[in-house]
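Hi,

Here is the structure I promised to pass on. Have a look at it first, and then read on for what turned up when I went through it.

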Amino acid sequence: MEPATTKPPLLNVIDGKPSERPPVWLMRQAGRYLPEYRAVRAKAGSFLDLCYNPDLATEVTLQPIRRFGFDAAILFSDILVIPHALGQGVTFAEGEGPKLRPVADSAALGALTPALDLDRLAPVLETVKRVRSALPVETALLGFCGAPWTVASYMIAGKSTPDQAPARLLAYRDEAFFAALIERLVDASVSYLVAQLDAGADAVQIFESFAGALPPALFDRWSLEPISRIAAGVRARRPDARILVFPRGAAQRLEVLAQAGIADVVGLDWSVDPAWAREHVQTHVCVQGNLDPLALVAGGRQLDEAVDRIIEAFSGRPHIFNLGHGILPETPIAHVEQMLRRLRGA
Ligand SMILES: Cc1c2[nH]c(c1CCC(=O)O)Cc1[nH]c(c(CCC(=O)O)c1C)Cc1[nH]c(c(CCC(=O)O)c1C)Cc1[nH]c(c(C)c1CCC(=O)O)C2
């Protein structure tokens, strides 16, 4: 058995061990709020070039760890590398977000590769390997993918859309196509997550950023069920895999997810009441979250109070401190430092 001191505290908490202070990391912690990220980004070419450059992607993954000493690093990549690796055209236009060549019918789906070719993601897996060997032993490395519904919503519309209306409409109108697309993404996600674990990721997070757009029945069918198949597929091949699931906007369905034994950690967005989550989610599973990213932008007494409320609500049971969604580019670095002092009692 490895000595307790070399196991990252974040993994101990996932495994249910009590901890005096919650481990902490932030979603989107490598990003535009950091001047050192902007400097690398400026010399990388396109955003996807950065994702596929192991030297630069390793560097930006490590930047927030060096600066803040977070308890986890998250691989620098994007959820849209899966559609890209399946053969769909993907670009990131400056200031406009992702643009994809829409895949909205069986013919377009048929033109994609039938199974994920991991060779196309070799640079990302190389980054995982390099980051793990560069990280301090006490820092966990998280891999990730997008959940099928969230990724499908981009594949179908070709861009970010309000309430994911084009994808949601298609889920009603053309179930056969929609099921086939989700199936393709489940299989691709299993092999991608297993490859990340094999390359050195200590745990993997599944981002369901658009859970909140789905009515409960559709959530169960197109979010919960595919995520549960991914988790089962990963565990069939790597039984000790640790899996975090972040279903933003899932509201009361969080309880169903927590009870289902799919996730080792359930992520809570900022709209979730910590007192409710303590009773309905944290009784079943480790929770992660749920500071409002705008409280971190605001800083001051409001930030301290927001941090305290979360700590108080979740203390004594497994909890990973995080935001309720990604950190915003306008976040002052001084406020991240303030948050960490509050958490660490310094
Ligand atoms: C929906 C989604 C995407 N990507 C991701 C999600 C799920 C999480 C969420 O809901 O935020 C996940 C993601 N994207 C990125 C990471 C890296 C790891 C991390 O630091 O968390 C992760 C985990 C880097 C990124 N992914 C992107 C950036 C900004 C691009 C840049 O630096 O120019 C970063 C740092 C681009 C991206 N990628 C995506 C969008 C909509 C955009 C454009 C929005 C924007 O410009 O902020 C798709």
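Which residue just after α8 takes a positive phi? That residue is G158, and its phi is about 80°. Before going further, please keep in mind that this is a predicted model.

Let me stay with α8 for a moment. The buried residues are P148, W149, T150, V151, A152, S153, Y154, M155 and I156.

Three of those residues come up again with F210, which sits in the loop between β5 and α11 (216–237). Beyond its neighbours within four places in sequence, F210 is in contact with W149, T150, S153 and Q164. F210 counts as buried because 25 other C-beta atoms lie within 10 Å, where the cut-off is 20 or more. F210 and Q164 are 46 residues apart along the chain, yet their C-alpha atoms are separated by 7.7 Å.

Q164 deserves a look of its own. It belongs to the loop between α8 and α9, and its phi is near 50°, which is positive although the residue is not a glycine. Most residues other than glycine have a negative phi, and most peptide bonds are trans. Q164 is buried, since 23 other C-beta atoms lie within 10 Å of its own.

A251 is another non-glycine residue with a positive phi, again near 50°. Its place is the loop between β6 and α12 (253–259). Is A251 buried or partly exposed? With 15 other C-beta atoms within 10 Å, A251 is partly exposed. While you are checking the backbone, look at the step from G289 to N290 too: that peptide bond is cis, with omega near -10°. N290 lies in strand β8 (residues 286–291).

Now for the sheet. It is an open one, made of 7 strands with parallel pairing, in the order β1-β4-β5-β6-β7-β8-β9. At the edges are β1 (72–74) and β9 (319–323), each of which pairs on one side only. From one strand to the next, the twist averages 25°. Helix α10 packs on this sheet, where it touches β4 and β5 (203–208), and its direction makes about 165° with that of β4.

β1 runs parallel to β4 (residues 140–146), and 3 bridges join the two. The bridge partner of I74 in β4 is L142. Further along, β5 and β6 pair in the parallel sense over 5 bridges, and V204 stands opposite I243 in β6.

How many of the 5 residues of β6 (residues 243–247) are buried? The count is 5 of 5, so to speak a strand that is mostly covered. In a regular strand the side chains alternate between the two faces of the sheet. In β6, I243, V245 and P247 are on one side, L244 and F246 are on the other, and all of them are buried.

Apart from neighbours within four places in sequence, the contacts of V245 are I206, E208, I227, L257, I262, A263, V266 and G267.

There is a ligand to look at as well. It is surrounded by 22 residues, of which the closest are A30, G31, G97, F207 and S209. The elements giving two or more residues to this shell are β3 (97–100) and β4. Sorted by class, the shell holds 11 nonpolar, 7 polar and 4 charged residues.

D174 counts as partly exposed because it has 15 C-beta neighbours inside 10 Å. D174 and L121 are 53 residues apart in sequence, and their C-alpha atoms are 30 Å apart in space.

Definitions and conventions: Residues numbered from 1 in each chain as written. Predicted model: local features only at pLDDT ≥ 70, side-chain atom pairs only at ≥ 80, totals over all residues. Contact = placed C-beta atoms within 7 Å. Pairing = 2+ DSSP bridges. Helix = DSSP H or I, 4+ residues; strand = E, 2+ residues; numbered from the N terminus. Axes fitted to C-alpha atoms, helices over the stretch in contact; angles between N-to-C directions. Near = placed C-beta within 6 Å. Nonpolar A, V, L, I, M, F, W, Y, C, P; charged D, E, K, R; others polar. Buried ≥ 20, exposed ≤ 12 C-beta atoms within 10 Å, placed from the backbone.
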